[in-house]
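New notebook page. I want to get my bearings on this one before anything else.

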Amino acid sequence: RLDLSGNAIGDAGAKMLAACPDVAGLRSLDLSGTDLGYAGACALADSPHLGRLRTLTVGDNPRLPADGVAVLRERFPTG
């Protein structure tokens, strides 16, 4: 479990997280209030390392548009 809620990592941080092989074992990720946007959502959805993720929380991210949420739901349907 990784809780980054309230940390303004933005899209750059989400891209770094998505590219990091050390997250391969994550089952739960909280990115609430992290200034996540569409580019960060796409990076997370495309990550080869987040295959075990079961819960993804992205609430309170005003820059994240509905199509970004849809991209995440498609990859992480139970999150």
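This is a predicted model: local features need pLDDT of at least 70, side-chain atom pairs count only at pLDDT 80 or more; totals for chains, interfaces and linings use all residues.

I start with the surface: accessible areas come from the Shrake-Rupley method with a 1.4 Å probe, and for residues only the protein chains shown count as cover. By that method the protein exposes about 4300 Å², and carbon and sulfur atoms supply 52% of it.

Residues are numbered from 1 along each chain as its sequence is written, and side-chain values use heavy atoms, with hydrogens and water left out.

Next, the fold. I find three helices and three strands (DSSP runs numbered from the N terminus: H or I of at least four residues for helices, E of at least two for strands). Along the sequence they read β-α-β-α-β-α.

Then I looked at the sheet. The three strands make an open, parallel sheet in the order β1-β2-β3; strands count as paired if DSSP finds at least two bridges between them. At the edges sit β1 (2-3) and β3 (55-57), each pairing on one side only. Two bridges join β1 to β2 (residues 28-30), and Asp3 stands opposite Asp30 in β2.

How much of the protein is buried? I get 42% of the 79 residues, with buried meaning under 20% relative accessible area (1.4 Å probe, protein chains only).

Last, contacts (heavy atoms within 4.5 Å). Of those with a separation of 6 or more, 85% link residues 24 or more positions apart.

Key:
Buried means under 20% relative accessible area, exposed over 50%, partly exposed in between (1.4 Å probe, protein chains only).
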